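Welcome, and take a moment to look over the sequence and the model.

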Amino acid sequence: MITPGTRVLVTGGSSGIGAAAVEAFAARGCHVVALGRDRAALDDVARRTGATSLVADLTDARVLDTLPTDVGELDVLVASAGVGWAGDLVDMTTDTIDDLVRVNVSAPIRLAHAVLPGMVRRGRGRLVFVSSIAGHMAVEQEVVYSATKAALNVFAASVRHEVARHGVAVSVVSPGVVDTPFFARRGVAYTRRFPRPVSASAVATAIVRAVDEGHAELFVPRWLRFPARLRGLAPGLTDALQRRFG
């Protein structure tokens, strides 16, 4: 349950889903730290929301080692920083592959490793991981991105079992297409007419709801739960439908 004064760290807080999450938690009276690499954008978010900005690169192990000291005790971690890339696997550089793995998988795992001891010691806390519908499906031309989000889903589910006895909960929020700079940054714009992009604020609302209501998993929009579950039950059928309809 979110109460005024709840201490929240949001990664990727300078833009997109992360910035929207900072705003949503701040509106509930939380003490929010917005972490990101873009100082100017973070400072703008901080001015608008009253959050504290923390400029840091999550791919730097030294940052993660000192994070508990830098941010203090946390009630909620929202790991929303992420990068993407679109195109054929054979066209990816090894540096790009490594970057996706570092930001989308290694950083959230290291973040959890850094903040969990304090949560376990206090007997409360929540980890929220922002995944993607791509982590539940087999997505052509986003194979590495899809794999990193699938890895994040399994990590979250596994650590959920491990920390539940300590009073710590874990949520995964899986959006579909979101109207953010993500597509411009990955190098390929989103041009499909369906599904329509949802707003970053809609995803932020789901993140806050996951914390407030104790949900282990939420999809945005909610109907995406159906194809995700269908692939678990009938992967061959789901893959055939994707090849037919995209």
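**Starting from one arginine**

Leaving aside residues up to four places away in sequence, Arg122 touches Arg7, Glu73, Leu74 and Asp75, where contact means heavy atoms within 4.5 Å. This is a predicted model, in which local features need pLDDT of at least 70 and side-chain atom pairs count only at pLDDT 80 or more, while totals for chains, interfaces and linings use all residues. Residues are numbered from 1 along each chain as its sequence is written, and side-chain values use heavy atoms, with hydrogens and water left out.

Arg122 belongs to helix α4 (residues 94–122); helices (H or I, at least four residues) and strands (E, at least two) are DSSP runs, numbered from the N terminus. Its relative accessibility is 18%, so Arg122 counts as buried (under 20% relative accessible area, with a 1.4 Å probe and protein chains only). A polar atom of the Arg122 side chain lies 2.4 Å from the backbone oxygen of Leu74.

Now for the sheet. Seven strands form an open sheet in the order β3-β2-β1-β4-β5-β6-β9, with parallel pairing; two strands pair if DSSP finds at least two bridges between them. At the edges stand β3 (52–55) and β9 (217–220), each with a single partner strand, so one side of each has no neighbour in the sheet. Further in, β1 (residues 7–11) pairs with β2 (residues 31–36) in the parallel sense over five bridges, and Thr11 stands opposite Leu35 in β2.

Key: Buried means under 20% relative accessible area, exposed over 50%, partly exposed in between (1.4 Å probe, protein chains only). A polar contact is a pair of N or O atoms within 3.5 Å; within protein, one must be able to donate a hydrogen and the other to accept it, and residues adjacent in sequence count only if both atoms are side-chain atoms.
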